[in-house]
Amino acid sequence: MSDNVASLEAAFLAHRRQRRVLGLCGGVVLGACLLVSAIVSEASPAALIDGAPRALTYFAKLIPDLRLPVLFDGTATQGSLAYWMYRIDLWAWLLFETSQMAALATLAGAVIALPLCFPAAANLAPRRGIYRLFRRMLELLRAVPDIVYALILVWTFGVGPLAGILAITLHTAGTLGKLFAEAVENADLRPWQGLQAVGATWLQSVRFAIFPQVLPNFLSYVLMRFELNVRGATVIGFVGAGGIGQELYSVISFNYYQEIGAIVVLIVLVVSVIDMMSERLRRAVIR
Amino acid sequence: MDDAALRARYPAVFTRPLLRRCGYALGALLFGCWLVALCIWFEITPARLSHGVAGLFVILRQMVPPRPGSQWLDILQGLAESVAMAFLGTTVAAVIALPLGFLGARNVVVNAMAHFSVRRMFDGFRGVDQLIWALAFVRAVGLGPLAGVLAIVAADIWMLAKLYAEAIENADRHQAESIVAVGGTRLAVIRFGLLPQVFPVLLAQVLYSFESNTRSASILGVVGAGGIGLQIAERIKVRYWDEVSFIIILLLVTVASIDTVSARLRRRLIA
């Protein structure tokens, strides 16, 4: 009995020692990586100590100077809500534009992704080569960030919302195509086999056997992507591609502190409202 | 039974009810109006589209063959900066987010009101995009990769805290209860009852966020926050398209290799 306990104890200790050595090695490697990346990214303690108070004062300036007694006064009184949000009409319009850009881009991206996703699904692709080709294509579309697309497209389509919409569309087509293809790969293949057995063509089988099954999934992914694209669309204006981003870029450049705070608060509000609506819709779609 | 007879016998299967058909038609009409209105608003005309696409093809033709250009050392340095920014930023954010994650978990902070407000706070901060943080930090601490690191930290904390909180809420509560049963404090419950269970999941989420941050760290340079983004933006400004395509390919390779390594690590952690 005591022998058993002793051997168990020994095994436990050996196991613990081994885990500790492994943990120590992992810690050393992690520490070395952190040190190297801190040096490369110029994050020295001196720079941090120097930068931290400046960052804090900067963010403190963004907080509006609201005073309770005059909170609901007009735009002329300093410290009132109206004074803080004095250009709310313009900002609300720009935010609406941003959300519409995101909606149109998501829709267009989904329309592009739809025909690409079926050949990119391993279980439906007629040939292995076709599957690979479409997968690579989607990867290529997805891998370039939408801001980079926007930088390039602003050259050819000019400054304005169109460049932003197309940039988000291209990136969205890549991400949605991959998600769609994965949904198709998880679809039940029996309806497909049934249609193939009665002599339906590939297109007919996709339309009547697979598409009805995956449509709720597709819609839910599109809504999810729409939420992400609204966030993306708020910054795509930084490179001149329309929406609230252009305005935000200019107020940040001119150091209009209170306006930065106001716009960011509005963005957060709009994004959370859209998130909530879209989440409710998604639940309804899935059910 | 032939087709016509079937139609006569089961009309409901072959045609939709009138009301629903009207509903669909109305929906389609509204959708069409919305599309047309947006096209007019954003000045999306066929002429503009074809003109732009033609310009795009000119650019694409100039992109091949990709060339590293004479300043390829800067490109490599930018790439290293991007990866380093993502690594440092993710690690710091992962550490800061840990206590916040426990604060946001319903089985740690039981008060519904507190739980709700903490989670809404995460959601609110998550609504601010990384590039906005980057632009603000560039103004606050100056141009360079440090602003990028801080932007990644500031944007990633809330994302990770939310993911952590969800993972902690999904933890098995029996282990925590047994710690309570032997008289452990609340801190002991978290340390010995919850943390060992959720740690691999949390690490997997950190790795996942590292992958996504390497992608986003590559564009922070567009607003001056260091990394390869600055190199891309500069070359696009002077229309060195062959070097732009070179950087994009380099970026794809880097991101893909980091994804592979991280996916392997994640699989080992979860298993």
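**Figure 1. Separation of domain 1 and domain 2 in chain A.** In this predicted model, the C-alpha centres of domain 1 of chain A and domain 2 of chain A are 48 Å apart. Domain 1 covers residues 1-41 and domain 2 covers residues 44-85. The assignment also gives a domain 3, spanning residues 87-286 of chain A.

**Figure 2. Crossing of helices H6 and H7 in chain A.** Helix H6 comprises residues 146-157 and helix H7 comprises residues 161-185. Their axes come within 8 Å and cross at roughly 140°. The crossing of the two helices is right-handed.

**Figure 3. Residues at the contact of H6(A) with H7(A).** On the H6(A) side, the contact consists of A:Asp146, A:Tyr149, A:Ala150, A:Leu153, A:Val154 and A:Phe157. On the H7(A) side, the residues include A:Leu162, A:Gly164, A:Leu166, A:Ile168 and A:His171. By class, the contact of H6(A) with H7(A) holds 11 nonpolar, two polar and one charged residues.

**Figure 4. The side of chain A that touches chain B.** Chain A contributes 40 residues to the contact and chain B contributes 46 residues. Several helices of chain A each supply at least two residues to this side, among them helix H1 (2-40), helix H4 (88-117), helix H9 (202-236) and helix H11 (257-286). Which helix gives the most to the side of chain A that touches chain B? H6(A) does, with seven residues. By class, this side of chain A has 30 nonpolar, seven polar and three charged residues.

Conventions
Residues numbered from 1 in each chain as written. Chains lettered and ligands numbered in written order. Predicted model: local features only at pLDDT ≥ 70, side-chain atom pairs only at ≥ 80, totals over all residues. Domains from an automatic or database assignment. Axes fitted to C-alpha atoms, helices over the stretch in contact; angles between N-to-C directions. Helix = DSSP H or I, 4+ residues; strand = E, 2+ residues; numbered from the N terminus. Left-handed = near helix turned anticlockwise from the far one by under 90°. Contact = placed C-beta atoms within 7 Å. Nonpolar A, V, L, I, M, F, W, Y, C, P; charged D, E, K, R; others polar.
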